[in-house]
Amino acid sequence: MTYAHPIPNDLDSFWMPFTPNRQFKKEPRIVVSAKDMHYTSADGRPILDGSAGLWCVNAGHGRQRIVDAITQSANTLDFAPSFQYANPAAFELASRISSLTPDPLNRIFFTNSGSEAVDTALKIAIAYHRARGDGTRTRLIGRERGYHGVGFGGISVGGIVANRKFFGSLLTGVDHLPHTHLPKLNSFSKGQPEHGAELADDLERIVQLHDPSTVAAVIVEPMAGSTGVLVPPRGYLQRLRSICDKYGILLIFDEVISGFGRLGTNFAADRFGVVPDMMTMAKGLTNAAVPMGAVAASEAIYDAFMTGPEHVIELFHGYTYSAHPMACAAGLAALEIYREGSLFDRVAELEGYWEEKIHSLAEARKVIDIRNIGLVGAIEMSPRDGEPGKRGFEAMIKAFEKGAMVRVTGDIIALSPPFIISKDQIDELVDLVRDVVNEID
Ligand SMILES: Cc1ncc(COP(=O)(O)O)c(C=O)c1O
C-alpha cells in the first residue's frame with residue numbers, strides 16, 4: 001500500500017489503550033487529519049466518522065471557533081492552578097454548564113476525563129453522607145453491563161466481567177443491579193423498550209439485603225453506551241429515582257456519552273424526565289478538542305460541605321489540571337457552537353430519519369437486534385460459533401477499509417455520528433454498514 005502520509009517508524013513504543021496491539025501494529029489504522037464529518041486516513045482516504053470519534057466529537061471535527069479559543073487561551077494563560085487560585089474561564093464555563101443542567105444540579109466540579117468524573121462523584125457521595133453525620137452510608141450500587149470508565153471506583157461499580165477477570169475483586173462494599181437488556185421481549189425496539197421497568201425494583205431487594213443505612217449511592221448510565229447501546233425501558237429510571245428517594249440514597253447519572261445533546265436534549269435526564277442528584281460528563285463538553293470532564297452536583301450536596309471553619313478545605317479532592325484554562329476555553333467554544341447551531345434540536349429532528357434507516361438493517365444477514373435512541377444506533381450480530389466478538393472485530397476493520405469509522409462492542413456495531421451529519425451521509429453510513437454485515441462470514 002502506498003501512503004500519502006508516512007506511517008511512524010516505531011510502532012512498538014506506544015502501548016495502545018483498549019486495542020489488540022499485535023494485530024493493530026501489523027495493519028495500522030492511522031488517521032492523520034479530520035474536518036467536519038470526515039477523518040483522513042494515512043493512505044489518504046476520507047473516512048466517514050460514524051462514531052464521533054469515541055462518542056465525543058458532537059459538533060464535527062476541526063471547528064474553527066474551538067481552535068481559535070484554544071490558541072488564544074494558550075497564548076494568554078498557559079496554566080493556572082485551581083487549588084487556592086483560579087482562572088476566570090473556569091467560573092464562566094461552570095456557569096454555562098449549570099445553565100444547561102437540570103435544576104438543582106448547579107455546582108460543577110471539573111476533572112480531566114469521564115473516569116475521573118465518575119470517581120469524583122462516588123467520592124462526593126460518600127463524603128456527603130459523612131458530612132451530614134450519616135457516615136455508615138458507604139456502599140455503592142452499580143449495574144451489570146454498566147461502563148463507568150477505568151478508575152478503580154468506576155470499574156468496581158461498572159458491570160463488565162473483563163474488569164473482574166483482569167483486575168480481581170476490586171472495591172469492596174459494592175453491589176449491582178441487573179442489566180436491562182431483555183432481547184426476548186424487546187428486540188428491534190424503536191426508542192425506549194416497553195418491557196423491563198420492574199428490573200429497577202431489584203434495588204429494593206439490594207437495599208433490604210444491606211440495610212438502607214449502609215447505602216450511599218446508585219450509579220447508572222441513563223442509556224448504557226459502551227456495552228452495546230442499552231436504552232432504558234419505559235418507566236425504569238423513574239422507579240430507580242423513587243426507590244432512591246424512599247431510602248435517602250443518592251442517584252448518579254453517568255452522562256459521559258448521553259450528555260450534550262446525544263439524545264436530542266441537553267442531557268438524558270431531560271429526555272427521560274428524571275433528575276438525579278449528580279451527573280458525570282466529559283466527551284462532548286469540549287467537543288473532545290481538549291480533555292475535560294465534570295460532575296454536576298445538586299446545591300444541597302454542595303451546601304452540605306460548606307460548614308466548619310472557612311479556611312479549611314471542604315472537599316479534599318481535585319486534579320492538577322481541574323479547570324485547565326485551555327480546556328475551559330474549548331468548553332466555552334463548544335457550548336457556543338451547540339447553542340448557535342441548535343445542534344441538540346438537530347439531533348431531535350434527525351432522530352426519526354435515523355431510526356428508520358438504522359432499522360432497515362434488520363433485513364441484513366445475521367442481524368439479531370437493532371436498538372436506537374437520539375443519534376445512537378446499535379446493530380447486534382449473532383456471534384460466530386466459538387468466536388464471540390470476532391465478527392464484530394472484522395466488521396470494524398472492514399468498515400474502515402470501506403471508508404467509515406464505527407465502534408464495536410463484542411458483535412455489536414454502535415453508531416453515534418457527529419450531530420452535523422446530513423441525511424445523505426446517514427444513507428451512506430447505513431449502506432456501508434449493510435455491505436459490511438453482508439460481506440463478513
Ligand atoms: C458512561 C461512561 N462513563 C465514563 C467513561 C469514561 O470516560 P473517559 O474515557 O473519558 O475516562 C465513558 C467512556 O466511554 C463512558 O461511556
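Strands S2 and S3 (residues 46-49) pair in the antiparallel sense through 3 bridges; strands here are DSSP runs of E with at least two residues, helices are runs of H or I with at least four, and both are numbered from the N terminus. Two strands count as paired if DSSP finds at least two bridges between them. This is a predicted model, in which local features need pLDDT of at least 70 and side-chain atom pairs count only at pLDDT 80 or more, while totals for chains, interfaces and linings use all residues. Residues are numbered from 1 along each chain as its sequence is written.

Let us stay with S2 for a moment. Threonine 40 has proline 46 in S3 as its bridge partner. The hairpin of S2 and S3 has 4 residues between the strands, and glycine 44 in that turn has a positive phi of about 85°. S2 (residues 38-41) also pairs with strand S1 (residues 31-35), antiparallel and over 4 bridges, with valine 31 opposite serine 41. S1 and S2 form a hairpin too, with 2 residues between them, and aspartate 36 in the turn shows a positive phi of about 55°.

Between helix H4 (88-100) and strand S4 (107-111) you will find proline 104, joined to aspartate 103 by a cis peptide bond with omega of about 5°. Leucine 170 sits in the loop between helix H7 (161-167) and strand S6 (174-177); although leucine 170 is not a glycine, its phi is positive, at about 65°.

Next comes a pair of helices. Two packed helices are described by the angle between their axes and the distance between the axes. For H3 (residues 64-76) and H13 (residues 325-340) the angle is about 155° and the axes are 8 Å apart; axes are lines fitted to C-alpha atoms, for helices over the stretch in contact, and angles run from 0 to 180 degrees between N-to-C directions. H3 and H13 are therefore roughly antiparallel, the word used for angles over 145 degrees. Residues that meet across this pair include Ile66 and Ala69 in H3, and Met326 and Ala330 in H13; contact requires C-beta atoms, placed from the backbone, within 7 Å. The residues of this contact divide into 12 nonpolar, 2 polar and 2 charged. Here Ala, Val, Leu, Ile, Met, Phe, Trp, Tyr, Cys and Pro count as nonpolar, Asp, Glu, Lys and Arg as charged, and the others, Gly among them, as polar.

Now to the ligand, which has 14 residues around it, the closest being Ser113, Gly114, Ser115, Gly149 and Val256 (near means a C-beta atom, placed from the backbone, within 6 Å). Helix H5 (residues 114-131) gives the largest share of this shell, with 3 residues. The shell divides into 5 nonpolar, 7 polar and 2 charged residues.

Finally, an open sheet of 4 strands runs in the order S11-S12-S15-S14 with antiparallel pairing. S11 (367-373) and S14 (407-409) are at the edges with a single partner strand each, so one side of each has no neighbour in the sheet. S11 and S12 (residues 376-381) are joined by 6 bridges, and aspartate 369 is partnered by glutamate 380 in S12. Helix H14 (residues 343-359) lies across S11 and S12, at about 175° to S11. Helix H16 (residues 423-439) also packs on the sheet, touching S11, S12 and S15 (412-415), and its direction makes about 10° with that of S12.

Definitions and conventions
Angles under 35 degrees count as roughly parallel, over 145 as roughly antiparallel, 65 to 115 as roughly perpendicular and the rest as oblique. Two residues are in contact if their C-beta atoms, placed from the backbone, lie within 7 Å.
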